[in-house]
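Here is a short report on one structure. It covers a sheet, a helix and a single loop residue.

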Amino acid sequence: SPLLSSPPPSTTAPADMKKFFEDVKKDIKFKSAGPGKKLTDDSSSRPPPVRSAPPPQRRPGPNEGAQMAGAAALARVEQLQRPRPLTSQDAIRIQVKKELEAEAAATAVEGKPTAGEGSRLPAKEGPAALSVTGVFFTCPLTGATLAKSERETHIKEAILMRFAEDPVEASIMMIHTFNKDRERVKSGIDIITKYIDNICKHPEEEKYRKIKVHNKVFQEKLRSLDGSREFLQAVGFESQILPVEGKDDGEEFLVLPEGALSGLEELQGRLSRLQAGGPVRAQLDRQPQVYRPSPLASRFDLPLDFYNLTAEELKREQQLKSEVVERNAMLRTKAMRERDEQRERRKYSYCLLRVRLPDGHLLQGTFLAGERVSALYRFVRDSLLDDWQPFELVAPGGQRLQEHQDPAQDPPLNECNLAPAAVLSLCWDAAVQADIEAAGAQNHSVLKPELMQNARTLS
């Protein structure tokens, strides 16, 4: 614009100067209003004007006050990053946290073992330095030692092999062992009982000696019950195709021959064996092991077999352990604590227990988490050289475990906070021990020789 490009002459009067600046303002306003248009033009056909963004303005530097505030903020950040000294309240909080870990059966904090007696540690990944290599069982039919994953298949094979020797016994085992639904087993045995009872009550009536295989009751109650047909055939029933009215090919029946009626008493005895039978279960192998006196008695590294969780679930449990400890640090009611303890107990299927003897040796054995305290007493008593000598077992924390013959007063091991692992102490009856010492009959060996000769050192 000529107005902007030419400077005002130095001889301009004040009135002219005022008019000059007013013209400059009008010119700037006119240019900022955009391009002009005629009154006859259609405004909707033209695109809206595009205004250019104003040039960025240079940001002024911080003043002295802002610089002081920034320096103070940096100092606070640096102070937060430095570890602050522990106060007495911090020490108390840490101690409470450790105690709550022990109460909740927390077995590790960031992979470091606790130092308390009876402490419980989670299983490590890999087989190295495990307290036991796994959970093992003994087959009652063959005596074979089985891994946890092998027991069911092995027992089924052993039962099937038993058919060559005693088909009646094998079929009874098959019914009770192969079928997991106990209600279905009971219902099937009731039907077989009805068949045999009718024969014994009415031996002269042929219809009771014939069982129609395609009968609705047989199909619903016995067809899918493993071992039921094998039992009927083992006690004398034979498969026959008999004519049926309205059918050309006949149907299959299980028929008890007339000659078998002379042995009805034996038939009733076999039925009684079926009714009294039960499933064949592999027995837990305690894997008794003696260890020499060691400060590592309370250190446990357990395989995954001891847990009721999969490997993935167990890993997640370990990751959440810090959250559990924080939750336990809060005030909770007794009912809340008991509910959490019950949930914790369900995680473990087995427990590994070590009993420290008066001479310092350790007797180790594997137990079902739900086994009773009396089972632990029997295990220890069977391992002692003098099994007649009365003793008492003391659990971690000084809890004295009592041996009860009444199951109602005999608590499970997991309810005594002994799962998944713990160290107990054996204490002799003081009066009896004093009499033994007075008689000079003290035996330096506590356990049986066959156990002591296999003693190991904990590492």
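Contact here means heavy atoms within 4.5 Å. The model is predicted.

**Glu-371.** Leaving aside neighbours within four places in sequence, Glu-371 is in contact with Leu-284, Arg-286, Pro-411, Pro-412 and Leu-413. Glu-371 is found in the loop between β9 (362–368) and α14 (373–383). Its relative accessibility is 17%, so Glu-371 counts as buried, the cut-off being under 20%. The Glu-371 side chain has these polar partners:

| Glu-371 side chain to | Distance |
|---|---|
| Arg-286, side chain | 2.8 Å |
| Leu-368, backbone nitrogen | 2.8 Å |

**Helix α6.** This helix covers residues 167–178. At 1.5 Å a residue, its 12 residues should span 16 Å, and the end C-alpha atoms are 15 Å apart, which agrees. Of the 12 residues, 10 are buried, so α6 is largely enclosed by the rest of the structure. Among the buried residues are Val-168, Met-173, His-176 and Phe-178. Their cover includes α5 (151–162), α7 (182–201), α9 (228–234) and α10 (264–276).

**The sheet.** Strands of a sheet pair through backbone hydrogen bonds, either parallel or antiparallel. Here 3 strands form an open sheet in the order β3-β5-β4, with antiparallel pairing. β3 (210–212) and β4 (238–244) stand at the edges; each has a single partner strand, so one side of each is left without a neighbour in the sheet. From one strand to the next, the twist averages 45°. β4 pairs with β5 (residues 247–255) over 6 bridges. Ile-241 stands opposite Glu-252 in β5.

Key
Residues are numbered from 1 along each chain as its sequence is written. This is a predicted model: local features need pLDDT of at least 70, side-chain atom pairs count only at pLDDT 80 or more; totals for chains, interfaces and linings use all residues. Side-chain values use heavy atoms; hydrogens and water are left out. Two strands pair if DSSP finds at least two bridges between them. Helices (H or I, at least four residues) and strands (E, at least two) are DSSP runs, numbered from the N terminus. Axes are lines fitted to C-alpha atoms, for helices over the stretch in contact, and angles run from 0 to 180 degrees between N-to-C directions. The expected span of a helix is 1.5 Å times one less than its number of residues. Buried means under 20% relative accessible area, exposed over 50%, partly exposed in between (1.4 Å probe, protein chains only). A polar contact is a pair of N or O atoms within 3.5 Å; within protein, one must be able to donate a hydrogen and the other to accept it, and residues adjacent in sequence count only if both atoms are side-chain atoms.
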